[in-house]
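My entries follow in the order of looking.

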Amino acid sequence: MLLCGLRVDEVRNLTLGQLLPTHLSNVVGKSLRQRDIPLPARIKPIIEKYLVDRKLFPQEENYPLICSPREIVEGNPESYKLNTKTIYLVTKNILEKVGASRTNPHALRHTFAYRTLDIVGQNEKNPAKAMIVTSVLLGHESVNTTMHYMTPPIEDLIKQTEEK
C-alpha cells in the first residue's frame, strides 16, 4: 500500500495472474476502473520472498496473490482472500509500532501520493505533470480527487518550520 498506493480492497483482490515482472496488471479500483501499477525495485525482493513462502497455497492465476489460511474451501479462490478487517488490524499494529501519527491503511496511500507528487515534481520540474502522474497511479478519475491527498504530513510541516 505504501510503495504502490493501493487501496485495501485492491490489495485484497490481487491475483497471482496480475503479478508481472515489472507491474501489477489490471488492478481493479473504485467504480471498477482498471489500471496498471509499476512495481518499485525495492519491493521486488519482498515479493519474491513472499512467493517462496506462498508455495503452500494454490498457484493458479485466479487465486489471491496474498492468501489467508483461515476458512479455506478447496477449489474456491474467494475463500483464500484476506479479510478486510485483518488487513486493517495488521496495518494498524505495524504503524503503531513505528510510531506513525496515523495508523490506518489509507494513511499509507496518502503517504504514497504525497511522496510521489514530491519526487515526480522534483524530477519533472512540472507541477501539472507531477499531479497527473500521481492521479493516474492512484487510479483517480480526476486530479481534483488527488488534491485531497496533498496535505503534508505533520512531520514535514515540523521540518519546514525548523529549517527556517
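Entry 1, one residue. I checked L6 first: its relative accessibility is 5%, so L6 counts as buried (under 20% relative accessible area, with exposed over 50% and partly exposed in between, for a 1.4 Å probe and protein chains only). The model is a predicted one, in which local features need pLDDT of at least 70, side-chain atom pairs count only at pLDDT 80 or more, and totals for chains, interfaces and linings use all residues. Residues are numbered from 1 along each chain as its sequence is written, and side-chain values use heavy atoms, with hydrogens and water left out.

I placed L6 in the segment before helix 1 (8-13); helices (H or I, at least four residues) and strands (E, at least two) are DSSP runs numbered from the N terminus. Leaving out residues up to four places away in sequence, I listed the contacts of L6 (heavy atoms within 4.5 Å) as M1, V11, L14, L24, V27, R35, I37 and R109. For L6 and V27, 21 residues apart along the chain, I got a C-alpha separation of 8.9 Å.

I looked up nonpolar cores, meaning sets of buried Ala, Val, Leu, Ile, Met, Phe, Trp, Tyr and Cys residues joined through side-chain atoms within 4.5 Å. The largest has 13 residues, and L6, L24 and L39 have the most contacts inside it. Beyond four places in sequence, L24 touches L6, L14, Q18, L19, R35, D36, I37 and L39. I also found a second, separate core of 10 residues, with A113, L117, V120 and A130 among them.

I took a pocket as an open set of points on a 1 Å grid over the protein atoms alone, where a 1.4 Å probe fits, with protein on both sides within 12 Å along at least five of seven lines; lining residues have an atom within 4 Å of a point. Volume is the space filled by probe spheres set on the points.

The largest pocket holds about 1400 Å³. I counted 42 lining residues, with M1, L2, L3, T91 and L108 nearest the centre. Helix 2 (44-53), helix 3 (84-97), helix 4 (105-124) and helix 7 (154-163) each give two or more residues to this lining. Helix 4 gives the largest share, 9 residues.

The second largest pocket holds about 280 Å³. Its lining has 14 residues, and L3, P40, R42, F112 and T116 are the closest to its centre. Strand 2 (34-38) and helix 4 each give it two or more residues, and helix 4 has the largest share, 5 residues.
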